[in-house]
Amino acid sequence: MTQSTQTPSGLPNSKAAPVDRAKQLAQALLSERGEASGAKVSRELDQVLRALDADDRHSFQRYLAAEFQPDKTALHTAAERYLAGSTAEAAEALAQAADPPRQELLRRMNMAPGGTAALIAMRSELTTHLHDEPELKLLDADLRHLFASWFNRGFLELRRIDWQSPAAVLEKLIAYEAVHEIKGWDDLRRRLGPDRRCFAFFHPALPGEPLIFVEVALVRGLTAAMPPLLSRETDEEAARTQATRADTAIFYSISNCQDGLRGISFGNFLIKQVVEELQAEFPQLERFSTLSPVPGFRRWFMQRLAEGSDPDTALLPVLERDDWWHDLAQNEKLRPVLMRLCALYLTQQRAPGSRIDPVARFHLGNGARLERINWLGNAAPRAIQESFGIMVNYLYDHDSIEDNHEAFVRDGTIVHSPDVDALLEA
């Protein structure tokens, strides 16, 4: 049992072990009523937490999850009052009783300079422990609840990032790119060229830290493969000409930058606002589409083979060969089968509890249409491993976005093009 290290006055004992002092400061912070004194305790707690090692930080996180629960007696009483008469006053009293003191503590911890970034880092650290310590999910849920409010669209600032942006921001693009690796400064400069655009959301509490960014290529027609988008055009004048002649904007990479903000939706707002920005700058643009990976396809396909529910098990030895995609004869043999199966994977109605491809869920949930499936759109090792190199165009059509979104949310309807229907019927 840990001995008490409180002073007679109730203030935290400066001689206590660092993790115990952090716990006492948390208790003291929650008991403070004055804003000035609360800010002082918050700063002191932040300093103590920054000095803790990983094990002590984990101990403090377990403490936050276990303590600061709603008062059961008060909650029970408030619930009985509400059930007896569902008045506005009873509903408000019930909401207050159910609100865990932990959320108020986290709000007060946020008063310290850099408090928001510290709480995001805390949630990021929780990720590795949630599976083995489900009790930490209480703390994770409270952080997510607060972040959903603190990072709502009204607080976000959309900025275009170009080669003139601060070097610190450009370095973060290289570090955070999660879809198509940026291979150094030359590669980054190409991606920020005259026929490219990059936009990111920022938040006042995290100056200079992008929350999410999207990379866009201005091209003619739907792009079916990554190499043309990632090739290096050194002639800037030619790139400017391509931008003025482009009729299509291809969103080819969307990267979330803050792991501690997982589950907080930014992408739907980002895409819609970027579309507006691009329309204003390039009125000639007719189409807004993605070129997206299909990260769950291979896993789904292998599960079908394991279950014996697919007649194409003979394909497996070929697909397990290295560099099979360089063999033209094998390509022609595999292409119709894998394209049909990928179309099925992306369009089939899911059984309750089963999960749709995460990239598909994001774009279909935002109102996009499954437009085209592209054979060997990306032959990079990761793409081959995840989807046999197949990539997908999701089309954002202004006139049908809302209807598509409603159909997907209402009953899981996946709106898709005749080209996809043709693959399903092949």
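Me: Helices here are DSSP runs of H or I, at least four residues, numbered from the N terminus. Which helix holds Arg382 and Glu386?

Reply: Helix α18, residues 381-387. This is a predicted model. Arg382 and Glu386 are four residues apart in that helix, so about one helical turn separates them.

Me: What do Arg382 and Glu386 form?

Reply: A salt bridge, with the closest N and O atoms 3.3 Å apart.

Me: How many salt bridges in the whole structure?

Reply: The search finds 24. One of them joins the side chains of Arg21 and Glu44, at 1.9 Å from N to O.

Me: Where do Arg21 and Glu44 lie?

Reply: Arg21 is in helix α1 (residues 18-31) and Glu44 is in helix α2 (residues 35-51), so the bridge ties together parts that are 23 residues apart in sequence.

Me: Is Arg21 buried or exposed?

Reply: Arg21 counts as buried because its relative accessibility is 13%, and the cut-off for buried is under 20%. Glu44, at 26%, counts as partly exposed.

Me: What about Glu209, which residue does it form a salt bridge with?

Reply: Lys172, with 3.8 Å between the closest N and O atoms. Glu209 sits in the loop between β2 (196-202) and β3 (212-219) and Lys172 in helix α9, so this pair ties together parts 37 residues apart in sequence. Glu209 is partly exposed, at 22% relative accessibility.

Me: Which residues are linked in a network of salt bridges?

Reply: Glu177, Asp187, Arg191 and Glu215.

Me: Switching to rings. How many aromatic pairs?

Reply: The whole-structure search gives 15. Among them, Trp163 and Trp185 are edge-to-face, 6.1 Å centre to centre with 75 degrees between the planes. That pair links distant parts of the chain, 22 residues apart: Trp163 is in the loop between β1 (157-160) and α9 (167-176), and Trp185 is in helix α10 (residues 185-191).

Me: Which aromatic cluster are they in?

Reply: One formed by Phe297, Trp300, Phe301, Trp324, Trp325, Tyr345, Trp375 and Phe388.

Me: Last one: which ring does the charged end of Arg159 sit over?

Reply: That of Phe202, 3.9 Å from the ring centre.

Definitions and conventions
Residues numbered from 1 in each chain as written. Predicted model: local features only at pLDDT ≥ 70, side-chain atom pairs only at ≥ 80, totals over all residues. Heavy atoms only, no water. Phe/Tyr/Trp six-rings, centres within 6.5 Å; stacked < 30°, edge-to-face > 60°. Helix = DSSP H or I, 4+ residues; strand = E, 2+ residues; numbered from the N terminus. Lys NZ or Arg CZ within 6 Å of the ring centre and 35° of its normal. Salt bridge = Lys/Arg side-chain N within 4 Å of Asp/Glu carboxyl O. Buried < 20%, exposed > 50% of the residue type's maximum accessible area, 1.4 Å probe, protein only.
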